[in-house]
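Q: Could you go through the side-chain contacts in this one with me?

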Amino acid sequence: MGFKTRNFVEIGRVILLKFGQFADTTAVIIDVMDQNWVLIDGTGLGGAPRGVKNIKDITLTSLTVKIQHGIRSSKLAKVVEEAKVKEKFAATSVSKKLTARKLKKESSDLERWRVQYNRRQRSWLIKAKYGKLKKRVLKAARAKHVKNPTPFGERPKPKNYKKSKKEKHVGKLSDGEKTA
């Protein structure tokens, strides 16, 4: 298990908004108001306008931009463009999941049916191939298998063999009975 760095609430941290009209968009923390509120600006990233957000409504990313607190939106847009934040965020797994979710949500009925049909076909092919391989392996195993010529009851017992309770009582008979 590797060392995981922590993402702190700091000026210049790129964030992802979780709720509201601008959900799933990125922004940058411009200023920290107090322990619960931050001033954000996402106009340079094509996200939320400048405003105050609760810390519970954002997700911190690992990306940061070196800026002064309270920077203007126009200067922030230049800094973000120079740092290539959009490209870096697009390469993250979070961004890829968001785009996949968006594509799935916006897909048509026909596209959803195609996905379902292709999944069934793939599953059927995998099952068929697995069945053929399993059959071939079992056939090879049966061909190699040689039965033990001595019956089970006549096989020699191991040195440290102990009789079970059932075997101990089977040999004992009452006075008048004979063994078969």
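What follows is a short chat about aromatic and charged side-chain pairs.

Q: Before we start, what kind of model is it?
A: It is a predicted model, and the values discussed here are computed from it.

Q: OK, how many aromatic pairs does a search of the whole structure find?
A: The search finds 1 aromatic pair, formed by Trp 113 and Tyr 117, whose rings are 5.3 Å apart centre to centre, with 20 degrees between the planes.

Q: Why does that pair count as stacked?
A: The pair counts as stacked because the 20 degrees between the planes of Trp 113 and Tyr 117 falls under the cut-off of 30 degrees.

Q: And where do Trp 113 and Tyr 117 lie?
A: Both lie in helix H4, which covers residues 109–144, and they are 4 residues apart, about one turn of the helix.

Q: Switching to charges, how many salt bridges are there?
A: A search of the whole structure finds 4 salt bridges, including one between the side chains of Glu 10 and Arg 13 at 2.5 Å, N to O.

Q: Is Arg 13 buried or exposed?
A: Arg 13 is buried, with a relative accessible area of 5%, whereas Glu 10 is partly exposed at 32%.

Q: What about Arg 50, which residue does it meet?
A: The side chain of Arg 50 meets that of Asp 41 in a salt bridge of 3.5 Å, N to O; Asp 41 is buried at 1% relative accessible area, while Arg 50 is partly exposed at 36%.

Q: Which salt bridge involves Asp 109?
A: Asp 109 forms a salt bridge with Arg 112 at 3.9 Å, N to O, and these two residues of helix H4 are 3 residues apart, or about one helical turn.

Conventions. Residues numbered from 1 in each chain as written. Predicted model: local features only at pLDDT ≥ 70, side-chain atom pairs only at ≥ 80, totals over all residues. Heavy atoms only, no water. Phe/Tyr/Trp six-rings, centres within 6.5 Å; stacked < 30°, edge-to-face > 60°. Buried < 20%, exposed > 50% of the residue type's maximum accessible area, 1.4 Å probe, protein only.
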